[in-house]
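Dear colleague,

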Amino acid sequence: MKKKEMVKLVDLTKCTGCRSCQVACKNWNQQPAAQTENVGSHQNPQDLQHNTWTLIRFHEGTDANGDMYWDFRKDGCFHCSDASCVRVCPTGALSYGEMGAVRLNQELCIGCQYCTIACPFSIPRYDKVTNKTYKCTLCEDRITNDLPPACVKACPTGCLSFGPKEDMIAAGEQRVIALKEMGHENASLYGKEYVNGTHVMYVLTKPEKEYAELTVKPNVPVAVRLWRGVAKPLGLLSIGAVVGASLLHYFIKGSKAPKEEEGGE
């Protein structure tokens, strides 16, 4: 029986920046912490890393009245339904799980980093020590055993929820309606319309461009579409043509004996 597509809904209006999700992700995936440097921000580390698959981004700004505000945003893989990383991966290391996760098979990863270039969200991270790329797994090992992702389990405020895709979209849309009734006229559900739908969605209260490091209207890059639709098939066709011509020559002309060396007997 086919399992339901699942979605993680992130209601940013409920995030307090506690980083429970970040720590839970590290614990569940056995990723050790590393020494970092204080650069004047509560964000730590400063970006996603090969061993940090979930990151709370802190953004400090000033509103129209001159008052300071903070935004907190949980960052990580969006698990796209039309994933650029899957399109460009030459070895099949990246693939789709039936519940919505974009899988990354480390045994097949050759460290080419095509996925890091193609991802419209700049999520996968390369580790030169292992020569492999890493990212969030959507806790597929948990969700296939009827457990929520570790980050959702640890969230103390209800910012994170997880469930069937239809239910999460309905919950997100209802929350957007409620926020607009409270005066947040720019409230929206981020993710449903992009790259054939992501499996991580945000409830926002401001325009997308006002969130730090958040991709506005993400899509599959044109170069990626051309690679998968034109360049890669042409490349395979060329290889096939060379092999075919070689076989045809063999069957028509037969094997070619090596020339005797000059002066040989």
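Predicted model: local features only at pLDDT ≥ 70, side-chain atom pairs only at ≥ 80, totals over all residues.

Residues are numbered from 1 along each chain as its sequence is written, and side-chain values use heavy atoms, with hydrogens and water left out.

Helices (H or I, at least four residues) and strands (E, at least two) are DSSP runs numbered from the N terminus, and two strands pair if DSSP finds at least two bridges between them. On that basis, four strands form an open sheet in the order S8-S1-S10-S9, with mixed pairing. Strands S8 (160–164) and S9 (188–190) are at the edges with a single partner strand each, so one side of each has no neighbour in the sheet. Strand S1 (residues 6–11) runs antiparallel to S8 and is joined to S8 by five bridges, and Leu 9 has Ser 161 as its bridge partner in S8. Helix H6 (residues 165–181) packs on this sheet, where H6 touches S1, S8, S9 and strand S10 (200–204); contact here means heavy atoms within 4.5 Å.

Phe 121 sits in the loop between helix H3 (114–118) and strand S6 (125–127). Its relative accessible area is 8%, so Phe 121 is buried (buried means under 20% relative accessible area, exposed over 50%, partly exposed in between, with a 1.4 Å probe and protein chains only). Leaving aside residues up to four places away in sequence, Phe 121 touches Phe 78, Cys 80, Tyr 190, Thr 198, Thr 215 and Pro 218.

A salt bridge is counted where a side-chain nitrogen of Lys or Arg lies within 4 Å of a carboxyl oxygen of Asp or Glu, and by this rule there are 11. One of them pairs Asp 71 with Lys 206, whose closest N and O atoms are 2.4 Å apart. Asp 71 belongs to strand S3 (residues 68–75) and Lys 206 to the loop between S10 and helix H7 (222–253), so the pair ties together parts that are 135 residues apart in sequence. Asp 71 is buried at 13% relative accessibility, and Lys 206 is buried at 16%. Another salt bridge joins Glu 173 and Lys 192 (2.5 Å, N to O), with Glu 173 in helix H6 and Lys 192 in the loop between S9 and S10.

Terms used:
Axes fitted to C-alpha atoms, helices over the stretch in contact; angles between N-to-C directions.
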